[in-house]
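Subject: Structure handover

Hello,

Here is the structure for you to take over. Please look it over first; my notes follow below.

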Amino acid sequence: MSFIRSPVTVFGALNLSAIAGSTYYLRSHLIYNLEESEARSDEIEGTLRGHIGLIEESLDRLEGKATEADRGKKMAEYYGKRGRDDGKT
């Protein structure tokens, strides 16, 4: 059992445990950042879709195609829609 008391074994075990701990920490941090990034992207996508709906409604009003009852429909339709709902993933 003298190999357990050897400084090389002790430092090797400490080194491996430090590498494993830092790898676990970095992995959990990376997963957290990816989830946050995806949430931000989804929010931006919804906002852009809402703006596209507003622009299309304005264009329809300028062209004389829209009625007062149509106001807000496209914006709500586009804003509520997500890319994953279309099966584009």
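**What was found**

The side chains of Glu45 and Arg49 form a salt bridge, at 3.2 Å from N to O. (A salt bridge here is a side-chain nitrogen of Lys or Arg within 4 Å of a carboxyl oxygen of Asp or Glu.) The structure holds 1 salt bridge. Both Glu45 and Arg49 sit in helix α2, 4 residues apart, which is about one turn of the helix. Glu45 is partly exposed, with a relative accessible area of 24%. Arg49 is buried, at 17%. (Buried means under 20% relative accessible area, exposed means over 50%, and partly exposed lies in between, with a 1.4 Å probe and protein chains only.)

**How to read it**

This is a predicted model: local features need pLDDT of at least 70, side-chain atom pairs count only at pLDDT 80 or more, and totals for chains, interfaces and linings use all residues. Residues are numbered from 1 along each chain as its sequence is written, and side-chain values use heavy atoms, with hydrogens and water left out.

**Confidence**

The mean pLDDT of the protein is 82, and 75% of its residues reach 70 or more. (pLDDT is the predictor's confidence in each residue, from 0 to 100.) Among the elements, α2 has the highest mean, 91. Helix α3 (residues 73-80) has the lowest, 68.

**Overall build**

The protein has 3 helices and 0 strands. Along the sequence the pattern reads α-α-α. (Helices are DSSP runs of H or I, at least four residues; strands are runs of E, at least two; both are numbered from the N terminus.) Buried residues make up 8% of the 89 residues. The protein exposes about 7500 Å², and carbon and sulfur atoms supply 62% of that. (Areas come from the Shrake-Rupley method with a 1.4 Å probe; for residues, only the protein chains shown count as cover.)

**Helix α2**

How far apart are the end C-alpha atoms of α2? They are 83 Å apart, which agrees with the 84 Å that its 57 residues should span at 1.5 Å a residue. (The expected span is 1.5 Å times one less than the number of residues.) The buried residues of α2 are Gly46, Arg49, Gly50, Gly53, Glu57 and Asp60. After α2 comes Gly64, with a positive phi near 80°.

Val10 also lies in α2 (residues 7-63). Val10 is partly exposed, with a relative accessible area of 38%.

Best regards
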